[in-house]
Amino acid sequence: SESIAFSRYVRISPQKIRRILKQLKGKKAEEALSLLKFLPYKSSPIITNVLLSAISNLRNKLNIEKNLILIKEVRVDEGPVLKRFCPHAQGRGFPIKKKTSHISIKL
């Protein structure tokens with residue numbers, strides 16, 4: 001059996017999250033949590049929360065021990081983009097795209 005956890009509309013670009021999620025795929029959940037604890041990225045605590053939620057969902061369903069759980073699938077999709085403008089030289093406006101992400105982890 002499997003469980004999925006989502007975190008949607010996270011204000012960080014999908015590219016920055018993918019960089020970490022690639023390292024987690026196929027690992028045991030316990031190992032992934034300890035890896036996330038020491039990675040120095042902004043997205044580490046966000047991913048940790050989603051992973052803990054997925055583990056909790058699975059344990060409520062099946063009552064499995066943490067060290068037996070494997071990460072099957074990790075996925076980041078692009079959410080809506082917040083569009084802003086920053087003033088630039090000679091009266092021009094420079095667009096800034098603040099990206100959001102939807103994270104899903106399947107165990």
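**Ground rules.** I'm working on a predicted model, so I note that local features need pLDDT of at least 70 and side-chain atom pairs count only at pLDDT 80 or more, while totals for chains, interfaces and linings use all residues. Residues are numbered from 1 along each chain as its sequence is written, and side-chain values use heavy atoms, with hydrogens and water left out.

**Helix H3, sides.** Which residues of H3 are buried? I find Ser44, Ile47, Thr48, Val50, Leu51, Ala54, Ile55 and Leu58. They cover an arc of only 165° around the axis, which puts them on the same side of H3. That arc is taken from the directions from the helix axis to the C-beta atoms. My cut-offs are under 20% relative accessible area for buried, over 50% for exposed and partly exposed in between, with a 1.4 Å probe and protein chains only. On the face turned away from the buried side I noted the exposed residues Asn49 and Asn60.

**Helix H3, cover and end.** Strand E1 (4–10), helix H1 (14–24), helix H2 (29–38) and strand E5 (101–106) are among what covers the buried residues of H3. After H3 comes asparagine 63, with a positive phi near 60°.

**Alanine 29.** This one lies in helix H2. Alanine 29 counts as buried because its relative accessibility is 0%. Setting aside neighbours within four places in sequence, I list its contacts (heavy atoms within 4.5 Å) as Leu51, Ile55, Lys66 and Ile69. I also checked alanine 29 against lysine 72: they are 43 residues apart along the chain, and their C-alpha atoms are separated by 10.0 Å.

**Positive phi.** Most residues other than glycine have a negative phi, so I flagged the exceptions I came across. Tyrosine 9, not a glycine, has a positive phi of about 60°. It sits in strand E1, and at 52% relative accessibility tyrosine 9 counts as exposed. Glutamine 90 also has a positive phi, near 60°. Where is glutamine 90 placed? I find it in the loop between strand E3 (82–87) and strand E4 (93–98). Glutamine 90 counts as exposed, at 71% relative accessibility.

Note on methods:
Helices (H or I, at least four residues) and strands (E, at least two) are DSSP runs, numbered from the N terminus.
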